[in-house]
Amino acid sequence: KRMGIVFVEYKVFPEKREAYLSRIRELMKNASGVQLYEGSDQPNLFVEIWHDCDAAQYRELKRLRREPGSAWAEIADFVPGGASRIHIWHFDRTL
């Protein structure tokens, strides 16, 4: 089973930043192996890094972002352009 990381990248509306941070904190309480970063030179650009994810876990993370009613799908409400502007990539460990 090949393990890797998942990057989830998106920009949030400046006026929704505090509400976003409150919601993502709640979601992250029940998630393990995830860290949140904000762009040093690009305020409101966020990257979630999910550690130790295999291909199946990646597909599940992606599905939850698009499933109506999923708590993780709510993040799209904070993103200009909605869910289509949330970028998700999986990277396998190579070395």
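**Aromatic residues and the sheet**

Guide: Tyr-20 is buried, with a relative accessible area of 0%; buried means under 20%, exposed over 50% and partly exposed in between, with a 1.4 Å probe and protein chains only. This is a predicted model, in which local features need pLDDT of at least 70 and side-chain atom pairs count only at pLDDT 80 or more, while totals for chains, interfaces and linings use all residues. Residues are numbered from 1 along each chain as its sequence is written, and side-chain values use heavy atoms, with hydrogens and water left out.

Visitor: How many aromatic pairs are there?
Guide: The count comes to five aromatic pairs. Rings of Phe, Tyr and Trp (its six-membered ring) pair if their centres lie within 6.5 Å; planes under 30 degrees apart are stacked, over 60 edge-to-face, and the rest tilted. One of the pairs is Tyr-10 with Tyr-20, edge-to-face at 5.8 Å centre to centre and 80° between the planes. Tyr-10 belongs to strand 1 and Tyr-20 to helix 1, 10 residues apart. Helices (H or I, at least four residues) and strands (E, at least two) are DSSP runs, numbered from the N terminus.

Visitor: And what does Tyr-20 form with Phe-78?
Guide: Those two form an edge-to-face pair, with 5.9 Å centre to centre and 70° between the planes. Phe-78 lies in the loop between helix 2 and strand 4 and Tyr-20 in helix 1, so the pair ties together parts 58 residues apart in sequence.

Visitor: Is Phe-78 buried or exposed?
Guide: Phe-78 is buried, with a relative accessible area of 13%. Ring pairs link Phe-78, Tyr-20, Tyr-10 and Phe-46 into a cluster.

Visitor: Changing topic: in what order do the strands of the sheet come?
Guide: The order is 2-3-1-4, in an open sheet of four strands with antiparallel pairing. Two strands pair if DSSP finds at least two bridges between them. Strand 2 (34-38) and strand 4 (87-92) are at the edges with a single partner strand each, so one side of each has no neighbour in the sheet.

Visitor: How many bridges join strand 1 and strand 4?
Guide: Strand 1 (residues 4-11) pairs with strand 4 over six bridges. Ile-5 stands opposite Phe-91 in strand 4.

Visitor: Which strands does helix 1 lie across?
Guide: Helix 1 (residues 17-29) lies across strand 1, strand 2 and strand 3 (45-53). Contact here means heavy atoms within 4.5 Å. Helix 1 runs at about 165° to strand 2; axes are lines fitted to C-alpha atoms, for helices over the stretch in contact, and angles run from 0 to 180 degrees between N-to-C directions.
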